[in-house]
Structure formats: structure tokens, C-alpha cells
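Subject: Structure for your review

Dear colleague,

Please find below the structure I wish to hand over to you, followed by an account of what was found in it. I would be grateful if you would read the two side by side.

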Amino acid sequence: MEYILAHADYLLPHPDGVTPLLTFIIFLPLLGALATLVIPKTELRLMKAVAVFCTVVTFLLSLVALSNFDGSTHKMQLAEYHSWIPSIGVAYFLGVDGLSILLVLLTTLLSILVVVCSFNAIHGMQKAYYSCLLFLETGMLGVFLALDFFLFYIFWEIMLVPMYFLIGIWGHGRKLYSAIKFFLYTLFGSVFMLLGILALYSFNSTGDYGTGELTFNIIELINNVRVPTEPIFVGLSSQDLIFLALFLGFAIKVPMFPFHTWLPDAHTDAPTAGSVVLAGVLLKMGTYGFVRFSLPLLPTASHNMVGFMATLAIIGILYGALVAMAQRDMKRLIAYSSVSHMGFLMLGIFALNPEGVTGGVIQMINHGISTGALFLLVGIIYERRYTREIAAFSGLATTVPIFAVFFAITMFSSIGLPGLNGFVGEFLILVGMFKTNVAYATLAVLGIILGAAYMLWLYQRTMFGEATTPENQTMKDMNFREIGYMLPLVILMFWIGLYPRPYLNLMRPTVDHYVTQMQERHAAERYDPQRATRQASHDDEADADVPAEDR
Amino acid sequence: MAIPAPPLSEVLALWPEILLSVAACAMLVIDLLTSRDRKADIGWVCLGVVVLALVGTLLHPPQAGSIFSGMFLADGYAAFFKVLFLIAAALTVLISLRYLDDEGIQRGEYYALLLFATVGMMFMAGGGDFISIYLGLELMSLSTYVLVGFIRRDDASTEGAVKYFLMGAFTSGILLYGLALLYGLTGSTNLAAVAQGLSGLSLDNPALVLATILVVVGFGFKIAAVPFHMWAPDTYEGAPTSITAFMSSAVKAAAMAGLARVFIVALFPSAEIWEVLWWILAALSMILGNVVAIAQTSLKRMLAYSSISHAGYALIGVVAATQAREVGLAGALFYMFVYLFATMGTFSMLILLTHRGFRSDKIADFAGLGRSAPLAAFIYIIFFLSLAGIPPTAGFVGKLVVFRAAIESGYVVLAVIGVATSAIAAYYYFMVIKTMFMEEAVVQPQLSPSRPLAVGLGIMVVATVLLGLFPAVVLNAVTESVKLLQ
Amino acid sequence: MPLSWYLVFGALLFMIGVVGVLTRRNVIIVLMSIELMLNAVNVTLISFSHYLQDLRGQIFTLFIIAVAASEAAIGLALVISMYRGKSTFNLDEVNVLKW
Amino acid sequence: MKVLVWLIPILPAVAVLLNGLLGRRVLRDKAHYLGVGSVGLALLCALIVILRVIVDPQHPIEAKLYPWIFAGSFSVDMGLMVDSLSAVMLFVVCGVGFLVHVYSVGYMHGDPSYPRFFTYLNLFMTSMLVLVLADNYLLMFVGWEGVGLCSYLLIGFWYERRSASDAGKKAFIVNRIGDAGFILAMALIFWTTGSLAYHDVFAAAGDHKITTGIATAITLLLFIGAMGKSAQIPLYVWLPDAMEGPTPVSALIHAATMVTAGVYMVVRSQALYLLAPVSMDVVAGVGAFTALFAASIALVQTDIKRVLAYSTVSQLGYMFLGCGVGAFTSGLFHVMTHAFFKGLLFLGAGSVIHAMHEEQDMRRMGGLRRHIRGTYDTMLLATIAIAGIPPFAGFWSKDEILASAIKGGHVLWWVLGLCAAFMTSFYMFRLIFMTFRGEERFDPEQVHPHESPPSMLQPLRILAVLSVIGGVIVGIPPENGLFHKFVAHAFHHHGEHAAHTFHFWPDVPLMLLSTVIALGGLYLAYLFYIQDPERPKRLAEKFAFAYETLLNKYYIDEFYDAYIVRPVKWSTGALWSVDARVVDGVVNGFGAFTRLYANWSGIVDRWVVDGAVNGVGAVIQSGSRAFRLIQTGVVQNYLLVMALGLFVFATIYLIVI
Amino acid sequence: MVFFFLLFAIVGLASAVMVVTRKNVMHAALFLLLTFACVGATYVMLRAEVLAAVQVLVYAGAVMVLFLFAILLVNMPEAVRLRQWTRQSTVAVVLAGLTGLWLIIATVRAFTGFAAPPEAATQPLGTPRAIGEALFSDYVLPFEIASLILLAAMVGAIVLARETAREEERPDEALTDLPPDTQEDQQPV
């Protein structure tokens, strides 16, 4: 506790100082997972009850966290600090700020919906299934709440195993291939991210670039590490190299253009719950990583890389949209659409101004809601017809009107119709990007048009026209349970669309703080050759220890 | 004039070694008295002695500095490795009690030789002089040659032993030649004296270069680093699984201890020469070890290749030690400690599946294990996670510490190779997990769980997870022990 | 008598031992060649000890001889158990464990 | 008063919710009470608000609710504003909207998804009202896309018909292209003036904070948005297809309100346009050219609704011409008058189709004057109005535009305008004569046309009255009549650009000229369709080529399809194969085991795709198999490798030293 | 001095070559004996008398006897006609030769200046007293380890080579019909 009091400048003291609320939030699902493992195989109902109970309680806890979250400061709140491995500077350090509070809420909400939606979708080894889901939730929450690189990396990797099993065992189609492909892509990325983290860690431990003492504490690193920016390797400075290492880890997760090939396979072959969680939350970790780590820690590199990242993002937007049009399978189409949306999101983040980044962050929530809802809906159809081929459906609007309405609303939210949540994020991103580079913004706007095209085409081919085949005519409409877990998402869509104020208020101080800090740091440490040579000559006359303020 | 007997304090400092040697002899005697079917009791006695020694060393590790006129250095470093060897020996005994009955080789000599090997290792780790290190090495090797060939009626075991013996003898010849040259150059065999002698020599003295290479080859064989690794897969596959577990963990750790002692203390002045050699060996081991493991059908051979790659990861620590001494060595030591539990665990799981008449080591034999024995499969996952270096387990912390050392000392390329190959490693570990969980059982794997094996497995699983979550204690111990190394 | 002559003698002996190990199929001959190699090391050590006026070399050789003897013992025991199993002495027929 | 302003859009929204949720089961055929009722109430509130604005035009009513979106320096509030400009639009939207609602009660009677129709219609009303009443560009954009959505839903109302859903999709996508331009404009506006609220933007424009270059860019982008919404030349293709929707929809959306949104936006951003003369010319040019182009197509169309659709496009061209030459207010005036008579024409056409049992082709009509007298009378009045024959409404607004065109020195556009006017009166009277005059070209026993019920006729009569007297009351004297003075208030505080000081008399020759042209068109139509019905056929044969191109709408649709839609579809297919083969191949690992997992989905395809797909994986697999075979099992080979290792190391070092 | 050294060196090397090349194992064993003797002689010249004695006793005596026992015990065919050289022999010879060359060059270049001090030939170095004293004062630990090694070797040799009269500790016959998994492993993959 003394650590928190000692570092009041970036940590808000815990309201009642005692209850480790964040630890409860993270580890309650883990308890649930272990509990389900203990329940005998035959007690299906009890198992489902435990799973739902855990997720609901976790959601309530996150609401409690929201209630005593003070939206006015950028400081970390509800912080918990216990030193863990002092010799290498690792601490069990949790905290939440404007950026992560919303993502935590999104995760807990989606987890409830995911558990409820897979009641009669999953038939084999249900015990292992629910424990995997709950285990996954712990991993996700941990990533968003960890403020220590070591802890962050542990939660980042913990998620891989349950997701591998979710796709591998309960998936369909080429599930084995997709499972191992997902696992290896993410692992390969995260392993290089580890290198980046270690590089930062070692830069911080050498006196002249950072505090000199060993620590994995993210906030400490953000405030103190000054990675040198002189080019050392084929024109790239060490800061750029570290940026590329972290980029590899996050870009594969986002996924950005060249690394996206795992997404369609994983989404298509995962069970409904898997795809919802995958699209709803797992993709956000990549972008969360960029905003939380790459921008503040490596400001100059982020500035140098804007061109590179924006081009990749735009390719992602246009490529994702175009390929989505050519899809025959619904889930694969939605998967490619989220490649396009995530490209949009990255564009927002790399606009490197408050508007763009806020747009990016709010878009994370929106994409989680709309794509999560889309996958849930496809799951509903899949439960009835066991096929996702678009050609197999037509004229559903007459047979299942309620479903058609839900599908329409979700679709319009995902293509960013004003009045719904998608628009808020998309517009802010475009405004933000417009300031940084007009050409990129104009290209991105094309993405909106293509987005409308493939989505409407999908809607038309499945919903409109005559209900020709008997199955299409006799399909049952959504039952109460399904409406139950779709309604919260639709309500959120309208809420964020019409009255996004509470959400924007939550993230405003944090985003502004990060962006302004980044811009100041970039201005201070930007490497310009003349200054460097002057600096060098300056060094020769004076002795070596010139005050290294502008190094 | 009477030759002064070594002071009592020095002798007492060696109490673990003495205890184990006496116990080994005692066991040979007991072996005479026990009847055929009660041979297992000898195992329990051996276990008791080892545990006693372990507890004793943990409570007050012998810190007597350099004793027996420099022949033995009873410092933190030796104490740390003593603990490691005793843990490995205890676990090996635990897992082999029931296994020996299954294989029909339940004989007292097995435990005696095991103790002899452990004593040999302790001398290797603690040796302060080429002679004592070499003798420790030979004691360990000889006992291990016999243990490998213990299942006399099974040709594979004999063949493995013969191969191991021939390679071992040949390499000890090479190592000796190197040590001889070093003696010629520096005029002494004591590590500190050699280091002092070498600092006077110029680095391009051909004999020094050749001596270093010979010593590198000697130790390279012992830790099965590529290209001196070719014996490992055959010997690991042929040897009885409990001995394979012992070899892949304890013997390799001992070799690493001797290697670190020789190179970091004695040959430190000529670091430029052997730094590149070990760099190449580490890189090759990581790459080849992991790549060839993919194509293996037998699990034992696959684990052999994986242990070769883990030797590579530990070597990164040694290479890093040339620049950042404490961090590098601590990384290597910690990695060996952490890796011990994971590799022993995987081999003891193999023992779990061998029972009378069915010796499973084909990966296909594990199909459907996920459904038939979920707990065993779950334990397997934990061990594989640790071997692959995925967070919640100890393997991750090991890899983290080693990679940190590499980056801190500037060997970024080595770290990148390490990182990439550990991704490949994750692939073939997960192919096994895939067979276990996602394929139908072709032959129904029956388990032969025995209480000691269960206890052993329990310890290893708990250790892997605990070390993953709370490695602080061991990390501090390691950094302390490395600091004292002059 | 310059030291290097003895060293050359030792080196040649070593090389003959290595050739013996690598080329001969009969395991007994291989064992003998290994003894040769160890002898070569002893010669080198003793010549160093002579020129350095220092006993360490000789003591080391003493221990090496002891080890060589025990090694020979174990080696022959292995050979016998190999012979009993495979009834052959040729090392290239002993390759059940491969790939 | 603020509550009242907010009430206007919320009332239809409430109706949308209720109809949507309860419509299918509870209300079924009583949905219209809710639908029409809510719009009626909204009309009442609107009238009160309009009166308040008329009384004191200087101070627009501001009704800010809450800060909507804000990030960094960007912040936009959810606020409504009613000044004289939006009052006019409010009147048009609510007025015509209410009448269309009443009309559609009769028209849609008996349709199975009756409540759904009213839900969509009310949703449209809400969005349109939000668009008109918004006090900043972003909220207007919300309404803008909202109406785009409703037009998609309403055009594709009878979604069983593939052509309807295609038309709906086409409308939405084309709108979306326009909206893309709008978004970029908004971004540019924000970064130059720091806010999106009209008040701040126009204040900044007023004191010349915006350079002409940026102003041109903004205005052009805004105009792209307007083109998409108001169906100007490149982006008009969706409007003719939108006729697939029910007729009241066409009347409300594709005649009176939605399509005029573009004009409203241009008029609203008058201050910006005045800063950019280049874009003024562009607007005028596009407007004039569209007017002529669309009118020429309308000449030969046979489907009654298509003719009206093209006529709407042409009239919109007029409005933009008006704005382009600086006569924003007269453009707006034309919007109002056009709303009345075009709304009436569409509704009339609706009752004609209703009478002819869904028959839309004019060639199979004729002589309906005797059967549906009421519809005929009202449509005749509207036709006279649209043709621009004084003293009807159409004349005043159209003449003002033409007058200010010639006065502003844009002779070319004036000439185009006149030709378009001539064609307009020709095709309108052609429509009237073909449907109502001449002999009956339908066989009586199947089709016996009957007059529509009063609920449909009443709105027609009201609209007829408005289109007759609408122009005169507020239009005289031209350029500074009641209407002009009222609307001018909306722009006074930006330093009104005194474009044209008008005086009545010198314009008389212009007025006479346009009247003559209108009558000429009437007479020509009379010659062709009353006097000698064969004449059009002979003319058609003589100018066969011209006739064909006009009939096929200059093959624009085919052109778009060939050069835009099809290549996009082709590229998606190509990209998908690239994605599956190249990108996956280079990046992906572990190919070998995929061959083992070829599953039900086409083994060859899967094998081919994945065989190539995992290049890197295959390399590693084969590498690992090769190295595995080195392990021969013979111990001496191992010893040799070891010796080789030793030798290699030795040589490296000894050579190096 | 030089003459004696050259004599023993050449004879030693020649017999070593013979050991490696003879087809008949007995001849090889005898030549090995001769090599040991020559090496012992060189020890004497290097003032390592005790070592010479130990060499002759241990190597020539014990180790050779072991080899002879082994050869006789398993009645190795005398002059066996089948191929005595491994396939890789040519490569091995070349490789070993080159490495040997490197060794010689390195040692010669490194230790050229080491002429023996003139009076050194006289002082006794390897006297039994000196060795005994060193062995039990400084090197007492290695001595103990060596004793352990010998013990372990003895135990190991017995365990491996003992003729198990009783076959009982071969478990029930189930083992013999081991599933032929080892054969299956042999087909080339």
C-alpha cells in the first residue's frame, strides 16, 4: 500500500483502501472455472448455473468498480500493489483508468452473453467447455487491468490455451488447422513482444536512459524511459526497433493486413461463443496494446511509423471489405468485415491526436458490441440450420421477422449509420485522421462505402426475396432466451449512438493525457541529424557528462 | 614427517558427499541381505538418505570456501547445485520404484549407482581444480553408462549404453588433451591459478585456442549441444525412462555447472575465443533441436531433441555471462533448475503409461488420453506449457530471465533465434496435446499409477506452477550463489 | 631434448587413437584405441610436468590411469552384454535406435 | 417553446417505437391512427413554432439538449434551431408529410405489412425533421443518413420483389458515396473553423477566416453529398429505380422532402458558397445540365412514375441552378412550390395506378378523364403549375431562377434552363394527355377504373390549392416578395450579400418569354398526343437512334455496371484467391498436417488452396525430416560428426589467427 | 638421451599403428602391450619413475589382462575375413590426420622455446616420496574420488557382465511377445 501512497502523482489512493476489487474481478471467473471442473459430468444444469452465476457476479463487480471510478482524472484508480519478484522488479500491480474501464465492462458483459448463448449449442464435454470460457475471461480481464509488463504478459499468454481448445475441440470445419494456426500466430507475435518488453526493461535499468533500477512497472517505464532515437541499424533507431517488436505482437492480434490470415479461419471454425469472444474482446487487445504501450513508451517511433501503419491500416480496410464481398460463408464474411473495421480503428489510433485516439478507443467498444452481436445472430441461425452458407438462406424476413429486425439494427450499427454506435467512432477517427493526413482519410472514407455494400448485399441475399426452400419457410423465430441476450447489445448500440457522453467522459482525461504527454516527449527527444552533430561536437569540447536533458 | 591430515572443518564441509558414498556402500551390503521380492525397500532407504541430505543442505548449506587446498570450493554455487542434484535424485528414485518392477530390473545396484552418480555430480559442481572436476565427471559418467545399460535383456538399452560409453570415453580423451594443454600453458590445474596464468598469455597463442576448442568440445558433448548431440536421442530412447529423466535433467545440469565453473572462472581471460563457439553451439542447438523434434514419431526421441534445444537456451545464459556476468549465469542456473522439473515430469508421465507388457512411447499411443484420463492429460499440458515457455508455468520465467540476460549483454540476435525457435517448440508440443485431446483412442491407454510415482508427479507439477508464479525465492538464491563465484 | 618433441609424440599417438576409434568396426579395437588416446594425454601431461618442474602433471596422470582402468572394465562389461544380446562385435550392426 | 421544438421530431419517433413493437400483433390494420396522428400533432407544433418565427424572425429558437460527441478539441452538441429557413422547410416537410400520411391510409389499405409501412414512414419523418431542425452539420448528417436508411427500407418495402430490394440497396450505396463526401467536408470544416455548429461556422465564414481555396474544397465536398442525396448528374441513377417503392413513398420522399435535403444544405451553407465562386459555378453548371439531361429522358418515358422521377431530377437541377447563380432564396422558393405540385402529381399518379389496378404503363391508359374526374382536375392544375404558366406557383419560382441566371450573366445556363422549361411543359402535358385524354387503350371488362376514396382525394385537393395560390401569395413581387423578406432574416447576420436589387418592371419581358415557352410546350404536346396520336411514332422512327438512347436513359446504368460494379466484383474474387493463396502461403506455418485434414469441403480445392498456402510450414517440415535421417544409428558416424565439428572449429580459428 | 627417446618413440608409434591396423584382435592386443611398454620407458626419461612403474603394472598388467579375458571369454573368431573397416574409414583417416596436423602445428608453435633447464635432468622429480606426499596432502580429495570411481566401476562391471544363472528376474513371458514396435520403427520414413 505504501507504494501507492508514495506515487500519488500517477496513482489515485484506493477509495476504502482495503477491498482488492480488481483482484476479485479477475480471479472470480478462475474460481468458476475450477468449480465447473469439480462438478460431475452429469450435472449439466448445475454447471450452467455456476457458469452464469460467475459471469454475472463478475459483471456486477465491474459495475461496482465503475461506480467508484472517478472520471475526472487520468490517474490509475483502484490500484493494488504487492511486490512479487523483487529481484527482477516484478510486482502484482493492478489498476484501471479511462482506457481500460470500458474494455473491462465490455468483456464481462460479453462473457455473460457468451455463456448464455452456448447453452444448447454445445453438446460434447460441456464441463471442459465452460471452464475454458471462464478461464478465458480471467485472461482477458487480466490483460486490461495489469499494470506490470510481467503480469500483463502472463495474462496475454494465458488466453491462448483455452482459446486453442475452444476452437480445436468444439469448433467445426477445419477446426484443428485453424486452432493451431491461431495459436502459433499469436504466440509468434507475443514472443517478439516479450523481446520488446525486455529491451525496454534493460534500457530502463541502464542509468542514462531511465531510472536505473530494475522494474517491469508500466507507469514507471512510461514516465521515465527515454529510448535513444539515433538510427543505429539500417536507418532505424533502437526506439523504432522496439516499436517493431511490439508492433509484431500487437499487429498479429489486431489483426493488421499482412498478419490477418488467421482471423477468417479462427472465426469461421470456432463455436459461436468462441467467435464472439474472439471478435468482441481478443482483437481489442492488440489495439489496447498500441494505445497503452506503443504510443506513450515510444513516441518518436510512433510518429516515424505513422505512414507505415496508416498504409497497412488502409490496405486492411479496403482489402478486408473487398474480400468480404467474395465470401460464400456468413461467418467468414463477418470475419473479413472485422479485419476492415480493425483497420479503421488502427487508423484512428495512428492519427496521434486526441480526436483520432478517442475515436479509436470508442470504436473498440462499438466493434466489440456490433461484431459480437453479428456473430451471436449467425450462431442463432447456425443452431437451427447447421449451415452458414449464404446461398442456403433467402426470404427470412417473412419467416423470422424479429430476427430480421435484430439483424438489420446490428448490421446498420456495424456499417456506421449515424444514430447508432458505429458512427460515433468512425466519424471521430475520420476527423482525427483528416488532420494528420488528408489522403489517408479520403481513402478510408471509401471503406465506409464498401462496408455498406457488402453488408447490404449479405442482408439482401439472406433476408429479402422469396422464402423458397421449406426449411426457410418453417424456421422458428428467436425464443426468449435468444432475445434476452441480444437485447442488451441492441440497447447499448442505441445508447452509445444517441448519448455517448458518459462513455466519452470516462475516457477523455486518460486519452488527452496520453496524447499530450506523447507529443511533448516526441518534441523533446525527436532525433534531428543537425542537433545530433552539434551535440557530438558539444560533447568533445566539454567533458563527457554534459547534462543529458535533450538526449 | 607425518602428512598433515585435512582439518576436521574441511571434511565436515563435505558431509553430503560423504553421507551419500557411505549410503551407497551400505546399500550394496543391504542388497545382499534382502530377498528377491523385497528389493524395493532398498529404494526407500536410498530415498530416505537423499531426502536427509537434501534437508540438511537446505538448512545449513556448507559455506567453507576453498577446501582441500583448492580442490573443492564449498561456496553458494556448489550448494545450489547440490540441492538441484539431490532433488533430481530423489525424484528419480520416486519415479523408478514401481517402474523397475514393471521392467523387471529391481536390483540394489541401481540405487547405489544412482548415488554414486549424484556424488560425482556434486564434485563436478564443486570442483575447484581441473582434476577434481574431471574425476567428478568420470564418476558420474561411469555410473550413468551402467545405469543406461541396466535393462540387460533389452538390446536397445545395451545399444544405448554402448553408444553413450564410446562417445563419452572418446570425448573425455579430447577433454583431457585440452586440460593437459591448459596445464602446459599455465602451469597449474587450479581454476583460479589457470585464470591468472591465462591473463598473461596473448589471445592468438595457437595452443590456447586449440585447448579452448578441445574443452568446448568436451563439455559440448556432455550437455548434448549440437553438433555433439547425436548420441542423445538414441541413448535417451534406449535407456530406462527413469534414467532418461535423470540424465536429461541432473546430468545435463552437472555438465552445465562444470562448464560454467571452468569457462567463467578459469578461462574467463580468453573469453573472446570461446564466446563465439558457445554462441554457435547455442544457436545450432536451439534451431536443430526444435526443428528435428517436429518430425519425430516417438515421444522419447522428441523429448530428447527438446532437451537438446533446452541446452541451447541455457547456453544463452553462459554466452551472456561474458558481458553481464551475474545476470547471465543466474539466468543459466535458474533455467536449469526450472527445466529440471518440466523434463522429468514429461518422462515420468511416460512411466505412468508403461506397464507390464506395454511400453508406450509412440505419440500415437497417446490418442484419446484427454477423454480416458483427463487428469493425466491436464498434467501433461502443464509440463508442455512449461517446456514451451508459456506464462503461468516456470518455463516462462526461465526463458524470460535467459532472454533478459541475452538482451542486456547485447546478444540480440541470439535472443531473436531463441524467441523464434521457442515458437516452433510450442508447435510440436501442441501437436502432442492435439493427439491427446482431439483424436480418437486407437489403443486404450491403461495407466499403472503407483503411489510414489503419483507423489513424484505431484511434486513436479506443484514445483512447475509454483516456480512460475513465485520464482522470487529461487531467483534470489541463484543470484546470491552466482555473486560469490570469484 | 626440447619439449615439443614429446608433445609431437603425444599428438601422433592421440591421432592414431582417434583413427582407430573412427575406422575399426570391432568394438574391442575401438576400446584399445581409446586407451591409446588416454596414453597420449598422459605422455603430454608428464612431459609438461617435467618441463615445468611441477608434480601436478604426474599426479593427474596417476588419476587418469585409474580412471582409464575403470573405464576399460565398464567398457568390456558393456561389450560382453552387447555380445550376449546381439552376438556381434561390429558397431555398425548395432543400430536399432535411429531416426 | 424549446420543448415544443423537441416535440416535433420525438412525436413520430414515439409512433415508430409503438408501431414497431406492437404493430404486427396488436395494431395490425389500426396502425394508421398512431402514424397519422403523430404526424398531425407534429404538424400542429410545427405551425405554432413557425408562427413564433414569423412573428420575430430575428431571433431563431435555440434548443440545446446535451453535449453529444466530444474528443480533444472536437465537440458537438445535440441541439435544434428553428430560424426562418428551417421554418420554411419545416412547413413543407410537415405539411406534405401529413397529407401523404392521410393519403397512404387509403392507398396502402389491405397491404399485409400495413403497420410496418407506417413505422418506416414515421421513422422517415423523424429523420427528416432532425435533418431540417439540426443546429449543426453533424446532427444534420444524422438526419441525412436516417432518411437514406428510410428510403432504403421504403423502396425495398415489398422485399419479395428482387427488383425492389436491388433498388433499395442501390439507393443506399449511392447515397453512401455522397455521404462520404459530406463526412470529409465536415472534417475540413471542423479543422478550419474549430466547430461544426452553423452559428460558429458562418460567423467564421463571415469574417473571412476561411481562405477561398479551403472554402471551395468544403463547398465542393458538400455538393458531392448534395448530389448523392438530391440525385444530380453522376449520382442520380438511384432515383428512377426508387419508383419500385409504393407511390406515397415516392411522393413524400422522392419528390417533396428527402431529395430537397441537398438543396436545403446548400442554401443553409450559403455563407460558405459565397466565399467560393468556383463551386458556385460548378453547382449552377451541374444543376443546369442535370435539368436539361433529365428532362430529355423524361420526354420518351412510358412509365408514369418514371416520367415524374425524371421530372423531379430535372426540377432539382433547377433548384441547384438557382443556388449556383446566387439566388439561394429563389432556389428555396422553388423547393417549396415544387414540393406542392410534384407531391400532388405523384399522389395523383398513385390514384391513377390505384384505379388502373397497379398498371403503370401510360401506353395502356388513356381517356381516364371520364372515370376519375377528381384526380384529373387536380393533376391538371399541378401540370399547369409545373409547366410554369402564370399565375401558378411553378411560374414564379422558376422564373425567378431564370431571371437571376440571366442577370448574373450566366447566359449559357439561362438558355439551358429555358430549353429544360420547354421540355418540362411538353412531357408534363404529354403525360396528362396520354393518361386522361385520347381513347381508352385498356380493355374495359378487366379494368374498370374507379375514383379513389375521399381519404385519397382530399389531400390532392389541398395540394392543388397550395400549388395554385402558393406561388402568388408569397412570390410577388419577384425577388423580394413576402417569402424572400422572411427567409432573408436567416442570413442577415452574415452580412447579406446584396446580390440583386430588383425592380419589377424590366423583368416583364423575361416573364413573358418564359410564359410563351411554357405554352409552346403545351401546344406541341397537344399536337402530338391529341390531334394526331400517330405523329410521335413517325417521329420516333425518323430519329430512331435518338429515341433509343433517350429510352434507354443514355445507357448510364449499363455504363456504371460495366465500369464500376463489375470490376469491383471481379477484384473481390481475385483478392480472395490472392488472400487464400499468396499471403497465407508466405506468412503461414506448418503446411504438411493440413493435407491430413482435408475435410468435407472439397478435398482438391482445399488441398490446392492449402498445399500452396503453407510454404514456410512445408520448408520446416521437409527440413526436419532431412535432419532426422542424419541420425543413422551407427555410433561411429556420430563420432565422425563430432570429430568433424572439432576440425571445423579448429580450422576456423587457426585460419583466422 | 635423444637416442633412447627416438628409439622408444618410433617403436611406440609403430606398434600403435599396428594395433589399429591388425585384423586379428590378439595381435592387436599384443602390440598394444608393446606400446604401453614404450610409453612407460618415455616416462622414465621424463623423471616419472613411479608413473612408469604404475603404467607397466596397471596398463600392461591389469588392462591388458582384461582385454585378453574379454577376447577369450567370448571366443572371438581369430582371423575373421569380413570387412574390418567402417565405410567412413577413408574420410575418418583424412579428418584425423588433418586434425593431428593442426595439433602438432599448434603445440610446436606455442611451446618452441621450452628447452629443458640443464641441471633439471638430475634433480629427482617423480620420486615415490614426493608423489606420496602430494597425493595425501593436497590431492587427498581426488584420491578419495578415484577410489569411489573404482568402486563404482567394479559394481557396474559386475552388474552388467554377471551371468545371471537364474532367468527369473525376466518377468513372465508377456514380455517376449513384445509388440514389434521396434521393427516398425525401422522402415525408412
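Which residue just after α2(C) takes a positive phi? The residue is C:Gln53, with a phi of about 55°. Please bear in mind that this is a predicted model, and that every value below was computed from it.

Chain C

Of the 26 residues of α2(C), 25 are buried, so the helix is largely enclosed by the rest of the structure.

Chain C as a whole has three helices and zero strands, in the order α-α-α from the N terminus on. Its radius of gyration is 17 Å, whereas a compact globule of 99 residues would have a value near 13 Å. Along the principal axes, the C-alpha atoms of chain C fill a box of roughly 50 × 25 × 25 Å. Of its 99 residues, 81% count as buried. If one takes the contacts in chain C between residues at least 6 apart in sequence, 46% of them join residues at least 24 apart.

The interface between chains E and C

Chain C is in contact with chain E: 60 residues of chain C meet 72 residues of chain E. On the side of chain E that touches chain C, at least two residues each come from α1 (2-21), α2 (25-45), α3 (49-73), α4 (89-110), α5 (128-137) and α6 (140-161) of chain E. The most is given by α3(E), with 12 residues. By class, this side of chain E has 56 nonpolar, 15 polar and one charged residues.

A helix of chain B

I would also draw your attention to helix α14 of chain B, which comprises the 29 residues 325-353. At 1.5 Å a residue this helix should span 42 Å, and its end C-alpha atoms are 43 Å apart, which agrees. A bend of about 30° is found in α14(B) at B:Tyr339. Because 27 of the 29 residues of α14(B) are buried, this helix is largely enclosed by the rest of the structure.

Yours sincerely

Conventions
Residues numbered from 1 in each chain as written. Chains lettered and ligands numbered in written order. Predicted model: local features only at pLDDT ≥ 70, side-chain atom pairs only at ≥ 80, totals over all residues. Contact = placed C-beta atoms within 7 Å. Helix = DSSP H or I, 4+ residues; strand = E, 2+ residues; numbered from the N terminus. Nonpolar A, V, L, I, M, F, W, Y, C, P; charged D, E, K, R; others polar. Expected span 1.5 Å × (residues − 1). Bend = angle between axes of the 7 residues up to and from the residue. Buried ≥ 20, exposed ≤ 12 C-beta atoms within 10 Å, placed from the backbone. Rg over C-alpha atoms; globule rule 2.2 N^0.38 Å.
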